[in-house]
Every structure is written in C-alpha cells, then in structure tokens.
Amino acid sequence: MAKTGKKRSKKIGLPPGTLVHIGEGKVSAPRITVIDFNEPHFEEKEVKTIDECFLFRDKPTVTWVNVDGVHQIEIIEKLGQCFGFHPLVMEDILNTDQRPKMEIYGDYLYIVLKMLHGGDAGHSVEGEQVSLILGSNFVISFQEEKEGDVFNPVRERIRTSKGLIRKMGSDYLAYSLIDTIVDHYFLILERLGDQVELLEEELMTHPTDQTIKKIQAIRNEIAFVRRVVWPLREVVSNLGRRESPLIKETTEIYLRDVYDHTVQIMDTIESYRDIISGMLDIYLSSVSNRLNSVMKVLTIIATIFMPLTFIAGIYGMNFKYMPELEWRWGYPAIWMVIVFIGIFMVVFYKKKKWI
Amino acid sequence: MAKTGKKRSKKIGLPPGTLVHIGEGKVSAPRITVIDFNEPHFEEKEVKTIDECFLFRDKPTVTWVNVDGVHQIEIIEKLGQCFGFHPLVMEDILNTDQRPKMEIYGDYLYIVLKMLHGGDAGHSVEGEQVSLILGSNFVISFQEEKEGDVFNPVRERIRTSKGLIRKMGSDYLAYSLIDTIVDHYFLILERLGDQVELLEEELMTHPTDQTIKKIQAIRNEIAFVRRVVWPLREVVSNLGRRESPLIKETTEIYLRDVYDHTVQIMDTIESYRDIISGMLDIYLSSVSNRLNSVMKVLTIIATIFMPLTFIAGIYGMNFKYMPELEWRWGYPAIWMVIVFIGIFMVVFYKKKKWI
Amino acid sequence: MAKTGKKRSKKIGLPPGTLVHIGEGKVSAPRITVIDFNEPHFEEKEVKTIDECFLFRDKPTVTWVNVDGVHQIEIIEKLGQCFGFHPLVMEDILNTDQRPKMEIYGDYLYIVLKMLHGGDAGHSVEGEQVSLILGSNFVISFQEEKEGDVFNPVRERIRTSKGLIRKMGSDYLAYSLIDTIVDHYFLILERLGDQVELLEEELMTHPTDQTIKKIQAIRNEIAFVRRVVWPLREVVSNLGRRESPLIKETTEIYLRDVYDHTVQIMDTIESYRDIISGMLDIYLSSVSNRLNSVMKVLTIIATIFMPLTFIAGIYGMNFKYMPELEWRWGYPAIWMVIVFIGIFMVVFYKKKKWI
Amino acid sequence: MAKTGKKRSKKIGLPPGTLVHIGEGKVSAPRITVIDFNEPHFEEKEVKTIDECFLFRDKPTVTWVNVDGVHQIEIIEKLGQCFGFHPLVMEDILNTDQRPKMEIYGDYLYIVLKMLHGGDAGHSVEGEQVSLILGSNFVISFQEEKEGDVFNPVRERIRTSKGLIRKMGSDYLAYSLIDTIVDHYFLILERLGDQVELLEEELMTHPTDQTIKKIQAIRNEIAFVRRVVWPLREVVSNLGRRESPLIKETTEIYLRDVYDHTVQIMDTIESYRDIISGMLDIYLSSVSNRLNSVMKVLTIIATIFMPLTFIAGIYGMNFKYMPELEWRWGYPAIWMVIVFIGIFMVVFYKKKKWI
Amino acid sequence: MAKTGKKRSKKIGLPPGTLVHIGEGKVSAPRITVIDFNEPHFEEKEVKTIDECFLFRDKPTVTWVNVDGVHQIEIIEKLGQCFGFHPLVMEDILNTDQRPKMEIYGDYLYIVLKMLHGGDAGHSVEGEQVSLILGSNFVISFQEEKEGDVFNPVRERIRTSKGLIRKMGSDYLAYSLIDTIVDHYFLILERLGDQVELLEEELMTHPTDQTIKKIQAIRNEIAFVRRVVWPLREVVSNLGRRESPLIKETTEIYLRDVYDHTVQIMDTIESYRDIISGMLDIYLSSVSNRLNSVMKVLTIIATIFMPLTFIAGIYGMNFKYMPELEWRWGYPAIWMVIVFIGIFMVVFYKKKKWI
C-alpha cells in the first residue's frame, strides 16, 4: 500500500519520453479488443496485432480500443506513433504509479484513473491503473491487469444498445467508463464499512492486543482509497467544466453526476476516518481501564491479606513472655479479629465501588 | 449512521438514469397531495394516481405536489416524464443516500435536503431525504418516509393565508419548506445539547467504563449532523446568490436568513465538538487519576505492613541463641517499635498528601 | 456557555418575520433614551413611549435611540413599522442567540454584536446581544440586559463634545459604539489571561484532580470568546470596505483601527489556546510522573523487605535438623546478612536514581 | 510572553486618537537623533528638543529621525502635529502591543515591526516595538527601549557611504531598517535552535520531570516568535507589491529578498515545531517506559520471593504430625526446591527479555 | 537537519548584496566545466579560470557552465559581473540555506533547488543547494559539493545527442537538470520507504525503547524532504505557467510532467506521514499493553500466594490452645485447602482470560 514511488528510481537520468514499464512484470501478451459503433452500426473484435486498430482511426464512427496489459512496450509505442500521441503520454501509461489526473493535448485528452480491487477481510485494497485517451471519435483505454474486466457492463450496453450510449459520442463513452470505475468504489467502501463495523464490535466486546493493529490497518486502507479519490474528484470536476471542446454539452450533466458521486465517496471516507479515530480513543482508554481493574484486584487482595499475615506473624514470634499465647480464647479471638478485618476491608472496597 | 454508501453497489454497471430505489423498502403506497393556490384561490386534495397532478401543471397558480414515499418507481417515472425532468434527477430522488445539493436545470431547480429525526437519549439521529423540484409555478417535494410530516405548518399557513406565503411565488414556497427543515435542526441540536450536558455531569461525578463509549457515540451523532448541515449551507448560499432566475429578488433576503441559521447551527456544532474533545481529555486523565489512587492505597498498605511483617518474622526464627526472646519486656518493646513504625509511615504519607 | 441554539425550536413552523422573543424573560419595562445632536446642538431625554422617538426621525441632526431590554415585543414592532425596517430585522433583534453579522438593507445597515461580561475567577464569560441599526441620520441600538451600561462613555463624549463625535455623522457614532464594545473584549481577555497564569502556577506547584477540569473550563471560556470575535472581525472588515454608502470615507480609517483590534484579540486568543494545550500535556505527564513515583516507593520497599522476610521465614521453619539454628553466632550472622542486603538494595536504587 | 493585550483595558471609553502610553513606564528622557543625507552630503546630530527636527522636514535630502523611547507623550504629539500624521498613527506608536502591520496614509506609510531580544538559555524571547513612518524624503523610527541599538550598522553604512544606501531614497533606508530587524530574527532562531538541541540531548540521555516543562517553555517561545513573524511576512509582501508610490521600483527587488528571509524564518520555525511535537511524544513514552521498568523490577522480585516465602511458611507451621520436619534431609531438600524455583524464575524472565 | 538558519546571523548589519559564503567551508578549488552545443555542434571543456567562460557568452549556441563548489567568492563575483547578474542573486548562490525558489530578473531566471543525498539506514537525508541561472542561450549551474555529480546523465545525453536535448534551447536544458534532481527524490523516498517498512516490522514483532526514537528520527527525515519538495512544487508550477518568455511553449509540457512528479512525491510523503503517525499510536499502546501484561503476572502470583502464606502463617502461631495443630490429619487437610485455593485462583484467572 505504501508502494507508490517504488522502482521509479530506475528511470533516473533517462531522457523524458523514454518508455520503461514501471510496475509488476507480466508474461502473457496483452489482449486488445476493438469496438466500433454508432447508432445503427456495431462491430466488435479481438485483434492480434495493434496494426488492425488503425483501420478504425479515420472512420466517423466511435471506436473504442481496449488494451489489457501495458507491459509490452512495443504495442504502446506503435499505438502512440499511429495516433500521434505525445511521448510523455506513452511514458505515463507505462508508469503504473501515477496519480489520477487529466491532461489536455490539443485534439485529445489523457486521463489517468485508478480501479480499486479487494477491500474485504484479509485482502487489502489494491489499485490498478486505467489510462483513457479520448479523441473526437475514439477512446483508447489501457488496463494494467486482466483480472476481472470491469468494463464488461459498458460493453454489454453497447452491444445491446441499452441507454444512450450508442446515440452519443466518444465523450459519453469515456464518461461511461469513468462512471463504471467510480461505481466500483462504492463496493470497496461497503466492504471497508463492513470491516469497520466488525472492528467496532470487537472493540466493544473483546478488545485484544491485535485490535489496535487491525484499526491501523484499516485506517491505512482508507487513507489509500482517499488518496485515489481525492485527485479523481478534481479530474471529474475539470472534465465537467468542459475546458476542452472534446466534452460536449450534453455530457456535462452526466459528469456532474459522477462528480457528485466522488464527493459522496469522500464524505463516506471522512465519516469512516472520524469513526476510526474515535475507535483509537476507545481502545487506548480500554487498555487503561483494563490496567485499572488488574490493579484493583491486586490491591484488594494485597491490602486484605497483608495485615492478616502480619497479625499471624506477630503470634508466630517466639518471645518467652507473650501473655496472649497462654490465654484460653486467644486463638479464637485472633480469628475473630481476622474475620472482622477481612469483612471491614470488603465493605470498604464495596463502598469505593471497586468490587 | 455509517450507512452512507451502503447498497449503492447494486447499481454498478447500470446505464445512468436507470431508476432503482436505494434505501429501505416500503410496502404501503405513497401518498400524493396537491395544493394549488394564489392570493385569492386555494385548493387542496389527496390524489390517488399521479395523473391527477398533471391538470395543475399549466395553470398560472402555484402548485405544490407532495409525494410521501419514493419507493414506487413508476410514480416517480411518470411524474418525471410529464414534467420533462432529466432522468438523472429522477435517479437521485430514488437514491436516498444523496448529500444535500442544488442543481440548476434550465427551467427548474433540483434541491436535495436532509430532514433529521431523533437525537434524544437512546435514539440516534436519523436522516430522511427530502427532494424539492422548483419550477416557475410549481414545487414538487418528495419525502422518504411518512412518519411525522414536517411540512404541516407550511400547509396550515397556506390554508389560513398566514404571512406572505399566498402572496409570493413558488420560490417563496420552496424557501418555506427549506426553512421548516432547517428550523427542525435546532430541535435536534437542543436534544444533543441536553445529552452533552448529561454526559458532562456523569463525567464529573461518576465516570465509568461506559462513559467513553457514550462520548464517542454522541461525537458520531454530531459528526453526522455536521455532514448534513455543511453541504446544506452551500446549497442555501447558492440559492441566495440567485444564480437562477427562478429565485426572485424578494425571496433573496429570506434565503439569507436561512443561511444565517445554517451558519449558527454549524457554530453550535463546532462548540459541541470542542466540548466533547475536552471531555475526552478529562475522561482519559480521570482514568489515570483513578489508577493513581488505587496504587496509592496499595503502596500505603504494603509499605506499612511489609516492614512490620519482617520484624515479626525475625522474632519467629528458631535460633537457639536469640537474647531478645528471653527479655522480660521484649514483646512489649517490639509492639512499641511496630506502633512507632506504623505512625511514622502514616505521618510520612500525610505529609506527601497521599492520605 | 453551550446554550446557543436553546429554545430556538419554539419557532418551528412560524412564518418568517414572526416576532418571538428568544432569550431569558424580563419583567421590568425596557428603558428608552434618545440623544439628538449635531456640532452646535445637543438634546438628551428618556422617553416613556416609543412614539416620542419618531419626532426625531426626519430631523437632519444625528439621532441615537438606545433601547435597553428587547423582551417587550410591541416596542420593537412599533419602532420597526415607523422606520420601515424589514420584519426579519425585527425578528433578529428579538432572537438574542444571533452570531455577530452585518446586513445591508437599502438605506440602513443592521449590525449584530455581542457585549461580553464576566470572565474573572468563578464567573464564566457571558454574552449580551447588542443590535445596531445605522441609517443616514440615526443609530438605533438595542441592548439585551440593563446591567452595566457600556455605552456611558460614548454618551459622555457626546455631552461634553469630546473628540470628533459631535462633528461627524451617524456612521462615526456607530463606529464609536462598536469600538467601545471591542475595547471591552480586552478587559475580558486580561481577566482570562490572569486566570491562565494562576492555572499555570497551580499546575507547576500543586496539580490536583481538579486542575484538568479548570483547564477545560477556561478552554471553553476562551472558545466562547473566540466564537464571538471571529465573525465580528468579518463584520468590521466588511464595514471598513464601505460596501454601503452609509459609511463615509472619513470613518473608514477608524473602522480599520477597530479591525486591527479584533485581529489583535484573535492573536491573543490563539496564544492562550496554545498555552492551554501545552498545559494539558504537562498535566497528563504530571499524572504519569506521580504514578511513577508512587510505584517507585512501592517497589523499593517491596524489593527490600521481601527477600528479608523470606530469610526470616527460612529460619522460622521447624525442621529437626537445621544446623544453623544451633550455631552460637547464627542469629547475629543472619542480622549481618539482612543489613548487607538492605544496604545493597539502597545503594542499587541510589545508583538507579530512584531515591 | 502571554502579556499581549495587558493594560489595554485602561483605554476603554476614550475617544480614538487619545494618546496614552501602553507599555512599561520609563523615567529617562527619550533620545532623538537626526541623520540627514544624500549622495554627497551627510549630517548627523543628537537633538535636545523635537523642534530641531522640523528644520529638516522640507529639505530634499533624505532625513532619518530616530526616537529612542516612546513614553513621553508630548514629543510624539508634537512630531505628529508638525508632520501632519493621523492621530490614530500617533496612538499606535504609543501602544507597544501592536501586531506588525503596514498602513497606507496618502503621502506616508506607517509600519509596525517587532525587534526581538533574548532567546538564549534562561532568557525568554522579548519583543520591542519599532514603528517606522516612511515619507517621500524622510523616515521616522520609534524604538521602545534603548537597550542595544540594532540600527547602528545602518548608521555606520550611511556614515561611511558603504553600499547603495546614500545613493537611494527614503524607501531604501526603510528597507535597510526592516532588513536589519529581520536579520536579527536569525540570531534568535539560532539561539532557540541551540536550546532545542540541548533539550533533545537531555531527553535522550536523562529525561526528568522538568523536561516536559522546558519543552513547553521553548514551545511557547517559538510560538511567540511565530506570532511576530507571521504578520511581518504579510507586511513585507505588501510593501514589495508596491501598493504605494512611495516604494520605488528599484527597492522592490530588495523587499522581495527580505520577504524570502521571512519565509525562510517561518520554515525554520515550523521545523522546530515539528521537532518539539516529536519530543513530546518521546517524553510521554519515556515516562511510560520508566514505569514499565519499575514494575518489572517489582514483579520479578515479588514473583520470586512470594512462592519461596510461602514454602518457608509451610514448614514454619506447628502441626504435630508433619513428617517432613522429622526427615534427616528435609532441610537441605527444601533449600534445593527453593534454589530450583529461584533459578527457574530467573530463566523464565530472561526468556521473556525482562532481565 | 534542524540546521537551517544556522550561521546566518554573521550577516547581520552587512549591506544587501555583500558576498559571504554561508555553509561548510571547502579547501579545494571549485571545478568549472563548460559545455557548448547546438544540434550539429558540441564542445566540452574544463576551464581553469572563470574568464574562459566568457568567450561563450555571446555565441548563439546553448552554453552550460557548471560550477562545482561555491566557497570561492571571487569566482562567483566575476561571473556575476561579466553576465550582469544582480548582486542579490550572487549573494543567494553563496548562502546555501535558501529554500527552493524562482526569481524572474528581466533577461534571466534565477532558480534555487535542493539536491538530496543519503536517506538509507544510518544516514540521514542531506540537502545540497543547486542554483540555476537560465538565460536565453545559456544555463549556469552552481553545485555546493562535488560528491557524486548528479548531472552526469544529462551530460551524457548531450554528448551522445540522445533525446531532444541537442535540438531544444537553454530552457529545455534547465528542465533536464531540474528533472534529474526531482528523479533523485524518488530514490530518497524509496530508501525512506524501506526504512519505514523495517520499522513497521520491528514495531509489530519486538518493539523496544529505541523504536520510538527511530520513529521520530524518520519522521524528522520525512519532514525535511517535505520542506524541500513543497516550495519546489511551486517553483516548477510557476515555470510551467511560462511567466517569463525564456520558457518556450514546447518546454511547457515537460515542466508539467515534472510538476506531476513533485505532486506524486508529496503524495508519497503524506502517505508515509500517515503511516508513521499510526505507528506512534501502535507504539504507545504497545507500551501500555506490556505494562498490562507485567501487572497481570504480578497480580496472579501475588493473589495466589498471599492467601496461602496467610494460612501458613496462621498455623505458625504459637497459641497454646490451637486444636487443629493436634489433629492427626491437620497437616494434609491444610495442604488440601492450599491446593484447592491454588486451583481455584488459576481457574478464575483462566476464565478472566488473564492466563
């Protein structure tokens, strides 16, 4: 989770725009799918080589190229040259430790997002970088890993022409992809919320030494999600302000809706942070309270038996002249004293509410 | 209270504008009431089907349609189609986990508010989503639940033509509804304030292990109210700035008044937060102080009786040649030593202010 | 102190502008005084009925009407009607739980301030609402309570024509009233400062369980003053920016001076907050240090006497064959062992700097 | 240090512009020196009465009047009348509890600064108010106390015509004075930095009960410096933005340099604050760690000797039929048991890393 | 690390622009290298005297002068006079305690950066000041120390004409130098990240008294890096906004890329700070938990053996009439009582989950 920035150092000294893949290596070849559509027309195919994509470039229809896996540099490089993307864009697609951001390059927009996975018990939240390039009639999306393709519902909507997606342009497609990703965040938040609730219960009923570590772990998870959502909010807000003519007015309202979702996610995150910081206070005070009750047990036992042992010790002395020892009722009398002291102490501590 | 965002995930992958009710399900049918008025005229009726409302749409009089219960999707859908509302507005009305917000849509405004219930001892504060759509001659309000209709005083004022409400337009009606909701917040705050005071007293007189949990609980309640009021303030401020021509100049001053109330509520919330954070400090130090006093009791008893028991132990030894044992006044002398040591210790601890 | 917002709830559902007095009730009648002056002329009288004031309304001279006590609704109402004030202004004058604010209404300004009382030992700081209405040739001031009239020095200056007050217009009079109130804050701050110093000394010399409660109490007092001064600063700053033509350029410089004072007060408050938060740290560590020293006493006594008591216990055993018991010098030898162990422990703890 | 605002209250009710000296009283007469120069010309003299200064007023040369001591109201008053300064300026010069600020008055600027003294061990940082009035051909400076005249280097530079000072106008002279004061802050910071380092060492090697108080004391010192530098930064920034024509373009670059210094000072202060807040954490945990080690000593000794004393107690019982007592090797056997238990406990605690 | 501001005081009273070297002294002579290039041409040489550089000044090619070591004032002075730099620039180059900043001087820009070294275990992060002066056809760079020349990769790229560097102007060269420095920060962050991970592991498995000090040490390191990166971000952002015509439009996009890197670094730093503050909480609670377990051991042993010792003490008393002592099965009975009490206590503590 604290891995951001790792391995970045291997790029020191290289000229800008040098394509180096920063992230975990993959062996299998990237999978490239192309979907080309407008309202009446729909075409979908999985291509073997990237060159097949270029046929769609100059068509008036909306083309969506999805690249699963960014570890094969040549593919990214070829794509960039064909579409005329800036080398820095290509570089950023390969560096999977980017923050969410949006950059305006003349006739295309470059958007970096983070897809989130995991978040249920035992699995920490992990981010997968998703890059989008939005042109006037195309969207190119790059996903880091293949596991669980989150864009399937969008694909399905295009295939079945459900909703507006076939009627609108490439900007609406880009919006749909962003929306899908943001909707996934709610899933992550729900899982984290469940864990927070479990932790709250654990804290109230049987806090252990491990509780604090779990609290910190989930706090770090939430901080991670926060660091992803925070810049995303700005990205969506900027898109919604339509600084680029690529975003049409009809899409603006949908982007505003996504923006509302990001604000709502931030809100939920803040409320989790509040709750967790309260849990820390409760935990620390529960540790102190447990110490208090341990010490009370010790104090009660010690203060009852120490005087009694002393009395027993007195009459265990071997002085020649100890008149009490000779008394007929000395031993029972001592027992009475002992019982009296014991009862007195118990009553005393009862009054002090220690027992 | 930490339920925001829950169940949201079931919308993943659906196209925007798909109407899905997010919130707790209801069985009974929604209740729809229509009030139509201008200065001389007044009409009120409860309608069975939503179609009856549409008669009022094109009248010049102010029409207020109130929908109690948003779980029946068809009603909302029909209403939206008739009045020509954007699908995203309809979607947001059904999602009862929105933040307070205002959106300007050409010829109507969409406003989301939160009505607050509860807040007295044993009942946590709960939010109910209230959506308002303000057009040039109508207000449509959607309430999530039916329990306790907060808009009754407004209805009464319209019926009896009390105040300005019959003389002003739909924007004044919307203001009146918002004002009623904000006024209710003061009630919640007063209840929370009472609880804070009770807790302060408990903390001062007899803090227990539960006190910290109560403090945290009320802290979370207040954080919840804060999250509701904070965005509301912005909503009211934006309305007051009259960014839409739907808000007339005569209403601006009233909205400014509501804005002042929200600022005052935030102020009160901040002061509660201050007090509660101070209570946490007092609680933690009271735990430490109690530990201190427990340990003092133990230390006093132990340090008095340990030396005495040792002395008794000495003269319990069975050495053959222990001259003191033979002395006539050995035993009384030992008692004197014991009493002296005891008194010395007590005086010593008195001086140290431990007793 | 946490009473802001109390009783506000009794206004729920009333139309805006409904006059309800919110605050502590009074029995005696409000006292109304009128001062009318310009450079050559001066007139002062206490009026029985509010109607007498209206004679001064249209005179070119500066008229200052001061109303002591705002619990009699009719007076406020009549005044408002006569001068043509907005109903919301009248409402706010009666609600004595307003935050300091300034509102511009065409030809008059409405200003809410808080006069502060108390602040010395045993007396918590209390706020009294002072409302000012500034017109082109009049100032109307409303004070909540009568106790100690803070405006007397201003009155005296008008009577004796000291300073510029008779030469300038109504805006300068309003400035003088505000200035007087702000100057009183310095008094409150000095008293709080004295208490902070006393607490610092208590903390350094003999902290008790009560110290933390005193620290929190004064923290709350300071937070209260802060909540009053913070919005006031903005009020004065807005006045100084001369957003209304009622404030003349010659008065601007004086308002800037008052603004500087409010900034200085905030500065002092922040420094008190810093000091108090430091006191909390010192207090908590002093509690821990005291526990440490209690435990050291216990540990020293226990670790010295436990081994000794054990040794005494050994030779108190009744085994038949214990050669040491028969030795001539057994008993003195044991004493030597005991003394040696005792000295050793004391030296050991000296080295550890525990004694 | 928390003295800001003290004695201010004695001005309550006075009309603005009333000259009252707020600060510590002085007996000796203020010392007034005049330096008059341009590139070829230089004249310096100490004047007896303020009237001698007025000769220089209308000369085209740059005149620097320095007043050491502001407790004699008449001098300030005369000066103000002669140069036509606003009464509020005169008032502020006498109130030595101002925050650093700059005010633009038509043809002159009024600047308040704080000279800092002390800051080495045992001496707390103290501020001395320095007021500057900058006109087109004069600078008048007011110093509160005489101790150590910080402006001597500037005087020397004028006398010897070192640097640009004789070639530039009055604004450069004002800059030089401000620069000298800001440079002195570095000295104070170095001293505080030395103290922070000493405290860090004390904390690492031998923290005592006093350490926390020293930490708080230096924290307060740093907070004091911060409150002085923070507004100063704004003053210098405003000067550098040349809002008044009195600041010439050639001086702007030098003011930017001073501004950089103030930013650097703030940076250093923030880093000290960070370090000190870290020291607090270390201190609190060191107190807890010491408690831990005290309790370990107690626990080790108690848990070793309690079972042993119990065993010895058993064989100290006087039952008639206790076969072990009669055994030949009973006593040595018991010793073996005791030694075994002792060794076992020591090994046990070694394993637990307590010893 | 807290050395910022040190030795600055020796400049008090000197006129601005006086060249004094502030930093650690050096003996060896500075090394000056000149690289002169455009697309076809390349020349590199190490010069003995600074005068040789001036030949390149008026050539249209891009000239890069690199000065290693800023302790020889004459060299800096000469350079400044020849190129006509402002004395304040020269002064700032010599003061190696500057914050990163950028200043626009007519036809050249002055940029201060910090190169970071160290950061691995046992070595604290250290900053080296790098000053850049960017003119229309030259870049002059000043490095404080010689150890490890970070600009070598850039030199190599110029020599081999790799990337765009030979095709672009002086602003691209300046960008390349800044980029190289920022890339080095990632290296430092990775090292700090490794240390944070090691500390986390230490904290989880075997926290000691030293752990808190290590946590604070790394916290201070990170704070140091933060103070360097924070102003740098602004510098790069300002450069990218092309406030000076010296930055060409083609370079803007690259500067935006560097800006993204600085934002990413700040992000990583913030995440480390979060983690470290969580570690502090875990550490403090681990100290408390250890105390708890120490006290449990003591309490268990003490509460078991104190009653037993008391019982043994009873039957060690020497009363004449103690019937139990005479019983045949008295001794075994007592043992049974003792064993029963012992088992009872162990079961009791098992139930309490203390064992």
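Into which domains is chain A divided?

**View 1. Domains of chain A in the predicted model.** Chain A is divided into domain 1, residues 8–284, and domain 2, residues 293–351. Between the C-alpha centres of domain 1 of chain A and domain 2 of chain A the distance is 75 Å.

**View 2. The side of chain A that touches chain E.** Here 49 residues of chain A are in contact with 54 residues of chain E. Four helices of chain A each supply at least two residues of this side: H5 (209–240), H6 (249–314), H7 (323–326) and H8 (330–351). H6(A) gives the largest share, 18 residues. By residue class, the side of chain A that touches chain E holds 24 nonpolar, 13 polar and 12 charged residues.

**View 3. Packing of helix H6 of chain C with helix H5 of chain D.** Angles over 145 degrees count as roughly antiparallel, so H6(C) is roughly antiparallel to H5(D).

**View 4. Residues in the contact of H6(C) with H5(D).** From H6(C), the contact includes Asp267(C), Ser271(C), Asp274(C), Ile275(C), Gly278(C), Asp281(C), Ile282(C), Ser285(C) and Asn289(C). They meet Asp209(D), Ile212(D), Lys213(D), Gln216(D), Arg219(D), Asn220(D), Ala223(D) and Arg227(D) of H5(D). The residues of this contact divide into 4 nonpolar, 6 polar and 7 charged.

Conventions. Residues numbered from 1 in each chain as written. Chains lettered and ligands numbered in written order. Predicted model: local features only at pLDDT ≥ 70, side-chain atom pairs only at ≥ 80, totals over all residues. Axes fitted to C-alpha atoms, helices over the stretch in contact; angles between N-to-C directions. Parallel < 35°, antiparallel > 145°, perpendicular 65-115°, else oblique. Contact = placed C-beta atoms within 7 Å. Nonpolar A, V, L, I, M, F, W, Y, C, P; charged D, E, K, R; others polar. Domains from an automatic or database assignment.
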